[in-house]
Amino acid sequence: MEKTATNKPIVEQRADPFIYKHTDGYYYFTGSVPSYDVIELRRAKSINELQEAETFNVWHKHKTGPMSQHIWAPEIHYLDGKWYVYFAASEVDDIWKLRPYVIECKGQDPLKDEWIELGQMQPADGDNKTFIDFSLDGTVFENNGKRYFCWAEKTGGQFAASNLYLAEMESPIKLKTAQFMLTTPDYDWERIDFWVNEGPAVIKNKGKIYITFSASATGACYCMGMMEADSVSDLLNRNSWKKSRYPVLETDYEKRIFGPGHNSFTVAEDGETPLSIYHARDYDEIVGDPLYDPNRHARVMEVKFDDIGKPIFEFY
């Protein structure tokens, strides 16, 4: 990979960054735009070229009703030969009524071909507890021939605890199993201002599967934790998972990287080096609600591993 300083943004003013490297060799990038009203895509042959890449607004929010406010944390995935974007959205008249939605591209060029709405992500048959409250940050991954959906959901409205849930998928728009609670905010670093676990992302190494997640409110206290399990274990079993006692990535005042989190994983141009794409600010004095401060910039970090293969996240 071309060397990019961790504290230098790769794409400015794009929170919740997500990069997917496709078989065509391109990096496809999306993230939350500051206006929270559109799904924007861009692509480039290298990560450093993404900042200047042409942008394409492939979907716009509705004027009223579902999907009319807070278009958050889109992720682009290529599943079963088709492009999908998973994102959260609420309603103008109920701005915290966030739910996960899906759109599908009708062609093979996600920047220029038509996208259609598939509606809200659907729970498994008989599951009346999933996606009935504040739900967001859905991501998709595969393990041992099964496809999983991992997301954040609050039971009890905006100010309740945000937990991470996991379920097997039946199709790109429907779950196969009932929700399994992967993690709830247990520790002090997950409970600053808000009790939050959100923004899951998956990376595998040496027979283990790791799910990073973000914790606490969206200011300088925002940080990343991590869950781990054996990749051959039952991922929907509580005993399969172990949680990091402390954050694996947090604010670095000396390097002026504030509130790092909501990452995704991809690989460098060599096709092998794992990278974490995350957002952070370069200041901690925020006027007003941090959620509406536009300067969470997308950044890149090479992921290292310790002697037993566990990911290490370090600013360089």
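Me: Which residues lie nearest the centre of the second largest pocket?
Reply: This is a predicted model, where local features need pLDDT of at least 70, side-chain atom pairs count only at pLDDT 80 or more, and totals for chains, interfaces and linings use all residues. Residues are numbered from 1 along each chain as its sequence is written, and side-chain values use heavy atoms, without hydrogens or water. A pocket is an open set of points on a 1 Å grid over the protein atoms alone, where a 1.4 Å probe fits and protein lies on both sides within 12 Å along at least five of seven lines; lining residues have an atom within 4 Å of a point. Of the 25 residues lining the second largest pocket, those nearest its centre are Trp 72, Phe 194, Glu 198, Thr 218 and Leu 291.

Me: Is Tyr 78 buried, partly exposed or exposed?
Reply: Buried means under 20% relative accessible area and exposed over 50%, with partly exposed in between (1.4 Å probe, protein chains only). Tyr 78 has a relative accessible area of 25%, so it is partly exposed.

Me: What is the length of the polar contact between the side chains of Tyr 78 and Gln 108?
Reply: Tyr 78 touches Gln 108, as well as Tyr 20, His 22 and Trp 83, leaving aside residues up to four places away in sequence; contact means heavy atoms within 4.5 Å. A polar contact is a pair of N or O atoms within 3.5 Å; within protein, one must be able to donate a hydrogen and the other to accept it, and residues adjacent in sequence count only if both atoms are side-chain atoms. For the side chains of Tyr 78 and Gln 108, the polar contact is 2.6 Å.
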